[in-house]
Amino acid sequence: MNWEKVILITGGAGFIGSHVVRLFVKSYPNYRVVNFDKLTYAGNLENLKDIENATNYEFVKGDICEIDDIIDVFEKYKVTDVIHLAAESHVDRSISGPMEFVLSNVVGTVNLMNVAKNVWKLIDNNVFYHISTDEVYGSLGDIGYFKETTSYDPRSPYSASKASSDHFVRAYFHTYNFPIKISNCSNNYGSYQFPEKLIPLMIHNAVNKKDLPIYGNGLNIRDWLWVEDHANAIDLIFHKGKIGETYNIGGLNEWTNINLVKKIANIIDEKLGRQAGETEKQITFIKDRAGHDKRYAIDASKIESELGWTPSIDFETGLNNTIDWYLNNSEWLEKVISGDYQSYYENQYLNRD
Ligand code: NAD
Ligand code: TYD
């Protein structure tokens, strides 16, 4: 088969990566999609069962910290483009163990660019698209939004590692004319998210009558975007975004953690036929996260006006769909948490305060 493009999607077995892989495999039969993933605790091939036999899909187990793994996959598949999602992604883990974040997020990103830069002759319209987070911009007060021009001010080891990788990616564009694109997105939610992040953790604990642990006073604010809307934005930026440019992606959907968790609890009451207010009683306030960022909010006007992207579904629908998905996929959940999840969660937070 003469592939139009061969796209290496790193971190394709993770939460967002699996949605991006699925979208590209289904939408672009002329592209070969190579999912390159180390399969850490957060990566799971269960996330891609439905497309694993597609003729334009390949999985390669590999580590972006190992230069030989990267060279091998570039040589074997003649990679033409990269969409780079592989990363350590959980702020709490970055607080208890920052070095993994430096290695995968910073060193791994530079390794990938070095191989691509050596292999690509930069005459073939190659694209290296780096997926990043709004957390690089720091923390907002009660008003204001992160724009593409907002100065970087990362405050957790996770966001510092992502900010560092963003800087390297931009430096490669300016220094070597390396063909990069970057997007910075707000908090994603949806199916296949590992249940250590707020929404799937709360659903899982609510259903199982466990504590719903809120850090601090619960008034920290996040902007939530449905993961498939993020994947659609990535598709658009990959195809239509300009080389060298950055795009912010957000949901215009801000929630305090406490209100969001109450909403999840109320939906679970309805869906499981519990008495109104029953699940809320599981809420427990625990010691705050160190350096906990107060508020994130995105000004997504650039991607809206230049590329015509807006979120496709409202939060009510997205959250209900997500809760239904977790209720209907308890087997998936049991499989992905059979690793180090329980001990991590229990060691870090249960009974801490
Ligand atoms: P995730 O933790 O669910 O998945 C990360 C994937 O990367 C896993 O499959 C893991 O096995 C793989 N990986 C980790 N280290 C690797 C290495 N050294 N080599 C190869 N593979 C490795 O993460 P996610 O939530 O899907 O996030 C994906 C990307 O999007 C990350 O770069 C993250 O910073 C960014 N992002 C996430 C969010 C969010 O809300 N989750 C928001 C904005 C941006
Ligand atoms: P998280 O899903 O870890 O994403 P991020 O820290 O990258 O925004 O957390 C979202 C918010 O929820 C954040 O303000 C921390 C808070 N939180 C809790 O209150 N309890 C929890 O158990 C978790 C995992 C998060």
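Helix H1 (15-27), strand E5 (127-133), helix H5 (157-176) and strand E7 (187-189) each contribute at least two residues to the shell around ligand 1, where helices (H or I, at least four residues) and strands (E, at least two) are DSSP runs numbered from the N terminus. This is a predicted model, in which local features need pLDDT of at least 70 and side-chain atom pairs count only at pLDDT 80 or more, while totals for chains, interfaces and linings use all residues. Residues are numbered from 1 along each chain as its sequence is written, chains are lettered from A and ligands numbered from 1 in the order in which they are written, and side-chain values use heavy atoms, with hydrogens and water left out.

**Shell around ligand 1**

- Strand E5 gives the largest share of the shell, three residues.
- Of the 29 residues around ligand 1, Ile-16, Asp-37, Ser-89, Tyr-158 and Lys-162 come nearest, a residue being near if one of its heavy atoms lies within 4 Å.

- An oxygen atom of ligand 1 is 2.6 Å from a side-chain N or O atom of Asp-37, and for Lys-162 the distance from a ligand oxygen to a side-chain N or O atom is 2.6 Å; a polar contact is a pair of N or O atoms within 3.5 Å.
- At Asn-188, a polar backbone atom lies 2.8 Å from an oxygen atom of ligand 1.
- Taken alone, ligand 1 exposes 840 Å², of which the protein buries 97%, with areas from the Shrake-Rupley method and a 1.4 Å probe.

**Helix H4**

- Leu-103 is found in helix H4 (residues 99-119), and is partly exposed, with a relative accessible area of 35%, partly exposed lying between buried (under 20%) and exposed (over 50%).

Technical notes
Polar contact = N/O pair within 3.5 Å; in protein donor to acceptor, adjacent residues only side chain to side chain. Buried < 20%, exposed > 50% of the residue type's maximum accessible area, 1.4 Å probe, protein only.
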